[in-house]
Amino acid sequence: MKILVAVDGSIYSKRMLAYLAAHDEWLGSAHDFTVVHVVPAVPPRAAAVLDKATLTEYYDDEAAKVLKPIRTFMDKRGINVKYVVKTGHAAEVISTIAAKNKFDLLMMGSHGHSTLGNLVLGSVATKVMATCDVPVLLIR
C-alpha cells in the first residue's frame with residue numbers, strides 16, 4: 001500500500017506515530033511510506049524584504065524541527081521513507097500531493113476540534129477530507 005503520512009510537529013502527529021508503533025500491520029516492507037510536512041508560507045510583504053537564501057534557510061529549519069523525530073522513529077524501525085517538504089497552505093498541498101501521486105491512504109493526526117472550533121479556527125484535517133479523493137485515516 002502506498003501511504004502518505006502528513007505531519008505538523010504537534011502532539012497529534014506524535015499520537016499518530018504511537019498508533020503506527022502499536023499496530024505492526026502498518027509497519028514493514030508491505031507499505032511504501034512518504035512523509036509530507038507543509039511549512040506555512042511567510043506573508044508576501046515579509047518575504048519581499050528577505051533575500052532568497054534567508055527565506056530558504058528559514059523554511060529548511062522549520063521543516064527540520066518537525067521531521068527530526070519522525071526520521072528517528074522511522075529509522076529505529078528500519079522503515080524506508082521518502083520525505084517531502086512543501087511551502088504553502090497545508091490542506092491544499094496535502095490534498096494535491098495525495099491525488100497527484102495516487103496514494104492509497106493518507107494518514108494524519110487531528111486536533112479533534114468541535115464543529116464550532118472548526119468554524120472558528122478551521123481545521124486542516126476537515127479541509128483535507130473535503131477536498132481529497134484519497135481515503136484518510138485520522139488519528140486523535
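Reader: Which residues in α1 meet Ile70, Phe73 and Met74 in α3?

Author: Contact means heavy atoms within 4.5 Å. Here Leu17, Leu20 and Ala21 of α1 meet those three residues of α3. This is a predicted model, in which local features need pLDDT of at least 70, side-chain atom pairs count only at pLDDT 80 or more, and totals for chains, interfaces and linings use all residues. Residues are numbered from 1 along each chain as its sequence is written, and side-chain values use heavy atoms, with hydrogens and water left out.

Reader: At roughly what angle do the axes of helix α1 and helix α3 cross?

Author: Axes are lines fitted to C-alpha atoms, for helices over the stretch in contact, and angles run from 0 to 180 degrees between N-to-C directions. Helices (H or I, at least four residues) and strands (E, at least two) are DSSP runs, numbered from the N terminus. The axes of α1 (residues 11-22) and α3 (residues 52-76) cross at roughly 5° and come within 11 Å. Angles under 35 degrees count as roughly parallel, over 145 as roughly antiparallel, 65 to 115 as roughly perpendicular and the rest as oblique, so α1 is roughly parallel to α3.

Reader: What is the strand order in the open sheet?

Author: Two strands pair if DSSP finds at least two bridges between them. The open sheet has five strands in the order β3-β2-β1-β4-β5, with parallel pairing. β3 (81-87) and β5 (136-139) stand at the edges with a single partner strand each, so one side of each has no neighbour in the sheet. From one strand to the next, the twist averages 20°. β4 (residues 105-109) and β5 pair in the parallel sense over four bridges, and Gly109 has Ile139 in β5 as its bridge partner.

Reader: Which strands does α1 touch as it packs on the sheet?

Author: α1 touches β1 (2-6), β4 and β5, and its direction makes about 125° with that of β4. Helix α4 (residues 90-100) also packs on the sheet, touching β1, β2 (32-39), β3 and β4; the direction of α4 makes about 155° with that of β2.

Reader: How many salt bridges does a search of the whole structure find?

Author: Side chains of opposite charge can pair when their charged atoms come close. A salt bridge is a side-chain nitrogen of Lys or Arg within 4 Å of a carboxyl oxygen of Asp or Glu. The search finds one. The side chains of Glu62 and Lys65 meet in a salt bridge at 3.0 Å, N to O. Both residues lie in helix α3, three residues apart, about one turn of the helix.
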